[in-house]
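Please keep the sequence and the model in view while reading.

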Amino acid sequence: MPKKVRIPTPLRKLTNNEELIEINAATIGEALVELQTRFPGIQERLVDEKGEVRRFVNVYVNEEDIRFLKNRETPLKDGDEISIIPAIAGG
Amino acid sequence: MKALKCRECAREYPLEATHVCEFDFGPLEVAYDYDRIKKSLTKTAIESRPKTMWRYRELLPIAGEPTVGPLVGFTPLVKADRLAKALGIRELYVKNDAVNYPTLSFKDRVVSVALIRAKELGFETVACASTGNLANSVAANAASAGLKSYVFIPSDLEQGKILNSLIYGANVICIKGHYDEVNRLCAEIAGKFGWAFVNVNMRPYYAEGSKSMAYEIAEQLGWRLPQHTIVPMASGSLLTKIHKGYQEFMKLGLVANSETHIHGAQATGCSPISVAQKAGLDFFKPVKPDTIAKSLAIGTPADGFYALKVMRETSAAADDVTDDEIRDAIKLLAETEGIFAETAGGVTVGVAKKLIASGKIPRDSSAVICVTGNGLKTLDAVQGHCGKPREIKPSLREFEALLAHEEKVNA
């Protein structure tokens, strides 16, 4: 079973409006590369010039922020669900 | 209002219900035509208008009339001489949004703007992710505006805050998790349903409402800025908007250019921004919150970067206080000024005390403490920490005996 990435609204123009993308990558870093190969332009929206995930982008694996896991090195296993979510305001 | 503009790359977007830049995920912010505003927004014009936050409406992002929350704002700026003496500072004021209308927190400012804009853009359902106060305000203001509302909150919130949303007939959804998880879910819901989420897709308009607190402070001080302002930080948005409000008033010539420091306050149990500020960093590390100041319990603060930037640029400090210090500060404010603040107010007063004691706020200066919510909503936090009533029979003899006994104990 592959892993799934949930694409946020602002990026769906790049994925032909597809919301859920199946991938085979083994880490978050690889997932970004795989997405870029299939949807050119998507990676630069998510990572900065130094290759770090942009500061207003939050990435979650099965509901856990990757900054509490291993950031780009966070391993992925079959069935994992990855969410990419813009930071939102307080409440 | 001219357009929405990305705070990171300055790309412009139309004035719609959208909140992030498609290119770098930077937050979008409303851009204004200040040259035009300068012509109509004079001190005389403002002073001739009703005492609500709409007296500054040219600087708030609505297109038409204020149809939701027409009475919000212009809360008291209390000259706090007894608290000033207790903290050891020359001139101190409390901006008291604990009595904001209609739901007793500063959130009524942001929600009225967001709901007016939601109506202008044709939405019929409004929603929010909240630590409590925002949910109360969305529920109440949606009820009075005839809008349907959904509010999403962490399930461990204070009972008072949950009831304060239910009473207005809002759909209250408790999420088993902390605020950051509620937030994440709401970002996904907002992408799927065509609702106006006040702090997601309506955020650029919503956040601007906070500026009104700064305008009022400046006007109520007699058209001048305080040297120091102490602001509670959850996402960090309020702090950045107080700064923006002061900057705009200087730009428009409504106050003289002056040095003003904007300090941030957090609870030790959720202090990603103050920890980063104290370490001299320009980025923060997310945390999992554990504090009685639930209204400030945001572990991944969306405006943390900008809050750090404002504190750096205004040579300000940040600090944090423990749960016990929060309770002590709530009591201190109540006993010196007769103001009962919620836990966030305890955080702000507690941090003000620390910053004055350490000299980061000099004793010979003027400061404003922003109290953003009402203590009646967080009774659980002080229950059992503020003494007990004494009980007697309706007998004069018993009362005299009680007084005599207490005089002896206190002697």
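Does Phe25(B) count as buried or exposed, and how many C-beta neighbours does it have inside 10 Å? The model is a predicted one, and in it Phe25(B) counts as buried because it has 25 C-beta neighbours inside 10 Å, where 20 or more are required. This residue belongs to the loop between β2 (12–13) and β3 of chain B. Its backbone also deserves attention: Phe25(B) is not a glycine, yet its phi is positive, at about 65°.

Most residues other than glycine have a negative phi, and most peptide bonds are trans. The peptide bond that joins Tyr101(B) and Pro102(B) is cis, with omega at about 5°. Pro102(B) is located in the loop between β5 (91–96) and α4 (107–120) of chain B.

The view may now be widened to the domains. In chain B, the domain assignment gives domain 1 as residues 1–31, domain 2 as 77–103 + 210–382, and domain 3 as 107–207. Taken over C-alpha atoms, the centres of domain 1 and domain 3 of chain B are separated by 22 Å. Contact between these two domains of chain B involves eight residues of domain 1 and eight residues of domain 3. On the domain 1 side, strand β3 (residues 28–31) of chain B contributes the largest share, three residues. By class, that side of domain 1 comprises four nonpolar, two polar and two charged residues.

The final step is the contact between chains. Here 33 residues of chain B are in contact with 22 residues of chain A. On the side of chain B that touches chain A, at least two residues each come from β6 (125–129), α7 (179–192) and α8 (203–208) of chain B. The greatest contribution to this side is that of α7(B), with six residues. Sorted by class, the residues of chain B on this side are 17 nonpolar, nine polar and seven charged.

Conventions: Residues are numbered from 1 along each chain as its sequence is written. Chains are lettered from A and ligands numbered from 1 in the order in which they are written. This is a predicted model: local features need pLDDT of at least 70, side-chain atom pairs count only at pLDDT 80 or more; totals for chains, interfaces and linings use all residues. Domain bounds come from an automatic or database domain assignment. Two residues are in contact if their C-beta atoms, placed from the backbone, lie within 7 Å. Helices (H or I, at least four residues) and strands (E, at least two) are DSSP runs, numbered from the N terminus. Ala, Val, Leu, Ile, Met, Phe, Trp, Tyr, Cys and Pro count as nonpolar, Asp, Glu, Lys and Arg as charged, and the others, Gly among them, as polar. A residue is buried if 20 or more other C-beta atoms lie within 10 Å of its own, exposed if 12 or fewer, and partly exposed in between; C-beta atoms are placed from the backbone.
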